[in-house]
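Subject: Structure handover

Hello,

Here is the structure I said I would pass on. Please open it first; my notes on what was found follow below.

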Amino acid sequence: MFKIETIKGHERMSTQDLLLAIGEAVQNGETEFDIAASGQHDIGGPLWHPEGKTLHFHVTNAGQRVGSMCLPNTEIIVDGSTSADVGWLNAGGIITVKGDAGDTAGHCSAGGRIYIGGRAGTRTGSLMKHDPLYEEPELWILKNVGSFSFEFMGGGRAVVCGYDSEKFESVLGQRACVGMVGGLVYVRGPISTYPADIKCLALDEEDVAFLEGGMGDFLTAIDKPELRAEFSDWKQWKKLCPLTFEEKKPKAAPKLKEFRLNEWIKGGIFSDVAMDDFEVKNTVNTGLYRLQVPSWDNAKFAAPCEFNCPTGIPTQRRYDLLREGKLGEAYKLVLEYTPFPGSVCGSVCPNPCMDGCTRGKIDEAVQIGELGFKSAYTKLEPPTIRTGKKIGIIGGGVAGLSAAWQLIRKGHEVTVYDDAEHIGGKLEQVIPRGRLSHELLETELKHIEDMGVKFVTSCKVDYVKFNKIREQHDAIIVATGGHESRFFNWEGKEKLTMGIDFLKQVNRGEHPAVGRHVVVIGCGNSGMDTVVGAYQMGAESVVAIDVQKPAAFAREIRHVEELGGKLIWPFMTTKITDAGIYADDGRFIEADQIIVSIGEAPVLDYLPKDAGIQKFRDTWLVPDKEKAIMEGVFAAGDVIKPGRLTDAIGDAIKAAFYADAYVMGREKKAFPQKEQIPAERISRAYFEKCHHCSLPDASEDYNRCVSCGTCRDCKMCLESCPEKAISRVAYEDGSYEYVSDSERCIGCGICAGVCPCGVWTIEDNPEPIQMYRTYDKK
């Protein structure tokens, strides 16, 4: 006897472990099993002894599906009751339950015998079936069964003895034998209702012979042999079986209207959930019964330029305004997003917007970078509202100033604190004047100041100063950027010149001394700036090295090479000496100065160390989803992670969004973001055919702009609609929209098909929802 205790101490054996243990024991030749279960599933099947011997199971406290898929030569005895699906898909086993069975006992059984010594639950015997090549399945039940019993039964025999069931109106529950097409159900006791295609007959000799032949084994198995005489009064028994094919009289097909009036809805099985006006409509309809419905989804999606711009500038909308002749509005629109349209967008940004531009897949991207210069000298009026809230920003670089720009325009009082003598961060201190016009930068900084932002320069913020600033303001944004050069633990690292310090000296006009032969570690944009700075300071030769392909913009690399600089990669630095620099493969580059420029880390020693502020690699801040690092303190830019200037601006917009909500006590909501318009919605073919031309001035490039996801007011939908269902509605403020008249529209989808910008959407008509609304109004 193979005994298994499934609970040892406080540990319960899993179903999987139990079944694996049983399977291994069967393969080892065991035939007798005593299982003290604790609700495990699927005990007893499907198993087959390697020598074909009969397997005997004695089970207590079994879970679901005892004997599921049980095979011939398997006998299972369950003490007490068991839960659902006993004998599910039984294929030949003999399964005895000494007590009650749960729902769906014998479900889908196709062979063997199942004995239930009590009651069985809902849908007992459903989908029983019989393959004529094998013995038919049998299901014997001492008492009664629940509703929906033996539905869709296709074969086999079931016996419901009705013992101790006098209080029940029907020993088969409600709606028994629905969909039954085969097999027999023997019943002792009352039956309430059964379908019209089921016959209820007295027993014949063959039926009696079957019951007499099996009753003894059944009662013995469930320990009730004394009931044999009581159950042998065959006049108390009936049998249910389906009509034969010949007995089923074909019904005349009802007329559609009569069916819908009398069966489909009124009094039918769907009458409580469906409503109908009983009108039959043609395929082509207007209004409620259109198959499809159009919608003018102007600006629902982000254009690729907008989506790929970390700042989120909707350039397609700028070009729409230019197309409409609204130059002032177009130039001001970008200022809703950034105070640096010239310094960043037009000068130093890599313009990922142009990389994503749909027009670039046809010929050349529209001139988004150049367009930024058009807004650089455009001024916005200061806000007229005043909230009375004070927000302090620590850090006067791109992120801090961009956050200040957003917040001052919301009516807050904003003060920017920076430790440098001049505000502007890396735009002022690091980026070479050759890449960024200083006059342009000062103009845009003046715009920020004129808007009402207060600048406090030469202000070194330490822990004490931070707490004082925090006390004086309703919220703080930390945006001090990265100003400490990063480098690896190379041998001779003490000989390095820090790239960011070098560039700051150059921009301050201090003319730092350089060697004759300089090596710059790093081939990113800051590395290229360092190379240019070294040449400006008098270096005879400069070599930039990197471990990977240079990440700098192509134009910056080209400028370095024009100056005589060289880029070498891959070069894995291992040692720095007074004579030069060594790679791991033995290469040596002669140099009398090594400048490292591979990125910067933030200096955050002014933040409280006991505030639970999270950091990545003990260096960069990890704010929560609302950009906060502590109560009322938010973060933006390179203090979170290194990035491009446009990344810092986009990050600052989000920090300002959450800081504004915080000081105004508004409910916290996620920062609004759009999905990028799917490429298949845009008709590139239209622009390939219609708009080939030479490059105009950036402000006149609107004809080439595809206006992805935003209406360009071309009126193609208006002119193409065959039902004249579309109209253009103009408003006093100069805006407009296109409207589809549901009483004219037939849902043909031509509007969506001809729209070159992907603005119109055609979707299946949600008729049921509209119907409910119609009836609700009534």
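In these notes, contact means that heavy atoms lie within 4.5 Å. Please also keep in mind that this is a predicted model.

I start with Ser170. Leaving aside residues up to four places away in sequence, Ser170 touches Pro190, Ile191 and Ser192. Ser170 belongs to the loop that runs between strand S10 (154-160) and strand S11 (182-188). Its relative accessible area is 5%, so Ser170 is buried, the limit for that term being under 20%. The side chain of Ser170 has a polar atom 3.1 Å from the backbone nitrogen of Leu172. A polar atom of that Ser170 side chain also lies 3.3 Å from the backbone nitrogen of Ser192, and Ser192 is one of the residues that Ser170 touches.

Next, the aromatic rings. A pair of aromatic rings is described by two values, the distance of the centres and the angle of the planes. The structure holds 18 aromatic pairs, and one of them is formed by Phe2 and Phe33, with 5.6 Å between the centres and 65° between the planes. That pair is edge-to-face, because its planes are over 60 degrees apart. Phe2 is in strand S1 (residues 2-5) and Phe33 is in strand S4 (residues 32-36), so the pair ties together parts that are 31 residues apart in sequence. How accessible are the two partners, Phe2 and Phe33? Phe2 is partly exposed, at 24% relative accessibility, whereas Phe33 is buried, at 1%.

Phe634 and Tyr662 also form an edge-to-face pair, 5.8 Å centre to centre and with 70° between the planes. Here a strand and a helix are involved: Phe634 lies in strand S32 (residues 633-635) and Tyr662 in helix H18 (residues 645-663), so this pair ties together parts that are 28 residues apart in sequence. Phe634 counts as buried at 4% relative accessibility, while Tyr662 counts as partly exposed at 32%.

Which residues make up an aromatic cluster? Tyr115, Trp140, Tyr186, Phe210 and Phe218 form one together.

Last, there are arginines placed over rings. Arg123 has its charged end over the ring of Phe148, 4.6 Å from the centre of that ring. Arg728 lies over the face of Tyr736, and the distance to the ring centre is 4.5 Å.

Regards

Definitions and conventions. Residues numbered from 1 in each chain as written. Predicted model: local features only at pLDDT ≥ 70, side-chain atom pairs only at ≥ 80, totals over all residues. Heavy atoms only, no water. Phe/Tyr/Trp six-rings, centres within 6.5 Å; stacked < 30°, edge-to-face > 60°. Helix = DSSP H or I, 4+ residues; strand = E, 2+ residues; numbered from the N terminus. Buried < 20%, exposed > 50% of the residue type's maximum accessible area, 1.4 Å probe, protein only. Lys NZ or Arg CZ within 6 Å of the ring centre and 35° of its normal. Polar contact = N/O pair within 3.5 Å; in protein donor to acceptor, adjacent residues only side chain to side chain.
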